[in-house]
Amino acid sequence: LPIVVKAFEMEIIPANRIVAQIGETLILTCNATGCASPSFSWRTQMDNPLGGTVNNHMTYSTLTMNPVSIVNSHDYLCTVFCGEKGKKEKSIKVELYSFPSDPIIEISPSFVAGEPVTVTCKIPDVYPSHRLEVLLKKEEHVLHEKEFYEDDSTNTETKTVTYSFNPTAEDIGKDITCVAKLPIPTMDFEPKERVTSQKLNANFGPQNTIISSFPGNLAMEGDPLKLTCVTESNPPPQIIWRKHLADESIQHLIENNVLSIPHAHFTDSGLYICEVTNLVTNITEKATVDIVIQDGPKNTTISVIPATAVKEGETVMMKCTSSGNPAPVISWKKKKGTGESEKISEGATLTIQKIKSQDLELYECEAYNQFGKEEKSVKLLVQVPPQNITVLIYPSENVKEGENVTITCSTYSNPPSQMVLKKVHQEKEIILPSVNGTFILYNVTKNDTGRYLLDVFNEVGNNVKVIEIAVVGRLEKPDQMIPVIIAFSCVTAIAVPVVAILIYVFRKAKINGSYSLVKALRLKV
């Protein structure tokens, strides 16, 4: 078979021309075929520096430009030598541009309505700048146009377009747009247009500050409460919540536009202040809202002065307090012995002048508003000294030897009275407390004749009654019962009777010429 000899050929990749952006990496490849050991040579047509790095391989060679710069804007010629087969050459044109990023807009000073502003648009690192076109627009209205046809820059440059105008209040929030174009029809790159927009802001406010409350200015205790402070301000303001306290001081709460109270309490009622400050305009505005937390009466208590236990004749003042919103209406009732309640007073304070024993009752305080009611009660203890004392001697004060003498005493007092009986002018004085309420002298003799003191007492006071017993002659036959009632009345007002039938047993039996006390307590004084 005949041997096929491949012809000597060469190519440059990419072919003929390449468009590259300054700053990127560009690799040119020169490739030879039909030559076993080719040699390569790179140069520019004007013999300028290559501005890159050459790497030779077996059948191809590369020229790497990293990064591509303005010095690489040339026609590059690659020559391949193949011994007897001669040499071949091809060229490639490197065309450069730079349009790496979107425009940058600056508006100064910060817009205050009615004052002029200057809009500056910067287009970074443009090449070739003489082909650059820039438009400044407000929304779709063209404010300014500029072309750089006469620019003779030979490298990348940041180009700036500036325009000043007097905006109106209606311009606040409108878009200011910078459109930069690099239209070079003979160069294939994208994008050829870059756009940046910025809203025309104004420093103003705060103004029209209001507070919205949910569910409203009136809320029930336990419900969530949310206060939101709304204002108009640019830049956004600093917001501080405060509250007026009962002592006229101001409580600092939080720095946020929303104040949330998950479970409102009665104490959360009050005047809330939202204070907004624009740190640029240095303007402060306040808004207030009065919050009322509603609830039925709670924590109802009664205080009694001087105390729940008082002496008859003293003045007693009872005060009822209750929390709730609206403030509860206070009324007083007196519970009768029948169990029925009688309304006796309205108002927080109930005063009883010169209290009497019949005032010993259960007093009820009722706190009421439209969300409910709560009742508390207190029982007064009216202390009365022993009074209305009645002493009964049976059979009489004058008895005969051998008879028994029974002494019975009744009284009205509170707390209940105690009683003791003693005989005066006796060498060996005996004091007897009551035993089952009756004092009995058994088989009396003439020695039992004399004066006896009956002392009736409680915590409030005491009353002493004198009893004269006379023993005469011997008992011959039973006498008729001649009861003698000795009554004593206390000058104090009638109290609820607390009857104490206090009976002392004083048993004296004559045994072997001596006295003995039986079934009684002996106290030596």
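In this predicted model, the count of aromatic pairs comes to 2. Tyr97 and Phe189 form an aromatic pair, with 3.8 Å from centre to centre and 15° between the planes. This pair is classed as stacked, because planes under 30 degrees apart fall in that class. The two residues belong to distant parts of the chain, 92 residues apart. Tyr97 is in strand E8 (residues 87-97), whereas Phe189 is in the loop between strand E14 (175-181) and strand E15 (193-199). Tyr97 has a relative accessibility of 8% and therefore counts as buried, the cut-off being under 20%. Phe189 is buried too, at a relative accessible area of 5%.

Tyr163 and Phe165 also form an aromatic pair. The ring centres of Tyr163 and Phe165 are separated by 6.1 Å, and the angle between the planes is 20°, which makes the pair stacked. Tyr163 has a relative accessible area of 25% and is partly exposed, whereas Phe165, at 10% relative accessibility, counts as buried.

Charged side chains were also examined in relation to aromatic rings. Lys192 lies over the face of Phe189, at 5.2 Å from the ring centre. Phe189 thus takes part in the stacked pair with Tyr97 and also has Lys192 over its face. Arg194 is placed over the face of Phe99, with a distance of 5.7 Å from the ring centre.

Definitions and conventions
Residues numbered from 1 in each chain as written. Predicted model: local features only at pLDDT ≥ 70, side-chain atom pairs only at ≥ 80, totals over all residues. Heavy atoms only, no water. Phe/Tyr/Trp six-rings, centres within 6.5 Å; stacked < 30°, edge-to-face > 60°. Helix = DSSP H or I, 4+ residues; strand = E, 2+ residues; numbered from the N terminus. Buried < 20%, exposed > 50% of the residue type's maximum accessible area, 1.4 Å probe, protein only. Lys NZ or Arg CZ within 6 Å of the ring centre and 35° of its normal.
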